[in-house]
Amino acid sequence: MTVKHTHAIQGKSVAAGRDTIIQVLISAQEGPNFAMRKFSMQPGGGMPRHTNTVEHEQYVLRGQASITIGDETHQVQTGDVVFIPANVAHSYDNTGDEPFEFLCLIPNQEDRITIVNEAAC
């Protein structure tokens, strides 16, 4: 069993993201079935269109953003819940004037991330 505070967990910049930090709250080594991450995007920040080989379950903690999942764009805000199926292209853009923060749970399976070439769409 692990108990810790998010302030004690170091954040790392998301390589392909803009002004986006990830904190791994519960790693695959700590949880037998799922990992929990927290993402924080500054105003104007986001992540490009990409796919993952695992599904995502997300809960918006703070702020607002535009999330494109497949061909649909959704405006999300504090309290919204988002499900992104495996292998479906998605992207994020913080559209607010405060940080956009969300929890993201994923199964403990190999996750390959592929940036989608916008020119090919």
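Analyst: This is a predicted model, in which local features need pLDDT of at least 70 and side-chain atom pairs count only at pLDDT 80 or more, while totals for chains, interfaces and linings use all residues. Residues are numbered from 1 along each chain as its sequence is written, and side-chain values use heavy atoms, with hydrogens and water left out.

User: How many salt bridges are there by the rule used?

Analyst: A salt bridge is a side-chain nitrogen of Lys or Arg within 4 Å of a carboxyl oxygen of Asp or Glu. Counted by this rule, the total is six.

User: How far apart in sequence are the parts that Lys 4 and Glu 30 tie together?

Analyst: Lys 4 and Glu 30 form a salt bridge, with their closest N and O atoms 2.8 Å apart. Strands are DSSP runs (E, at least two residues), numbered from the N terminus. Because Lys 4 lies in the segment before β1 (12–13) and Glu 30 in the loop between β2 (18–26) and β3 (34–52), the parts tied together are separated in sequence by 26 residues.

User: Is Arg 18 buried or partly exposed?

Analyst: Arg 18 meets Asp 93 in a salt bridge, at 2.7 Å from N to O. This pair links strand β2, which holds Arg 18, to strand β8 (residues 90–94), which holds Asp 93, 75 residues apart. Buried means under 20% relative accessible area, exposed over 50%, and partly exposed in between (1.4 Å probe, protein chains only). With a relative accessibility of 37%, Arg 18 is partly exposed.

User: Why is β9 largely enclosed by the rest of the structure, and how many of its residues are buried?

Analyst: The count of buried residues decides this: β9 is largely enclosed because, of its eight residues, those that are buried number seven.

User: How many bridges join β4 to β9?

Analyst: Two strands pair if DSSP finds at least two bridges between them. β9 pairs with β3 in the antiparallel sense over eight bridges, and Arg 37 stands opposite Cys 104 there. Strand β4 (residues 56–62) also runs antiparallel to β9, with Val 60 and Phe 102 as bridge partners. The number of bridges joining β4 to β9 is five.

User: What is the angle between the ring planes of Phe 39 and Phe 102?

Analyst: Rings of Phe, Tyr and Trp (its six-membered ring) pair if their centres lie within 6.5 Å; planes under 30 degrees apart count as stacked, over 60 as edge-to-face and the rest as tilted. The search of the whole structure finds three aromatic pairs. The centres of Phe 39 and Phe 102 are 5.1 Å apart and the pair is stacked, so the angle to quote is 10°.

User: What is the relative accessible area of Tyr 92?

Analyst: Tyr 92 and Phe 102 are a stacked aromatic pair, 5.3 Å centre to centre with 10° between the planes. Tyr 92 lies in strand β8 and Phe 102 in strand β9, so the pair ties together parts ten residues apart in sequence. Tyr 92 is buried, and its relative accessible area is 1%.

Notes: Helix = DSSP H or I, 4+ residues; strand = E, 2+ residues; numbered from the N terminus.
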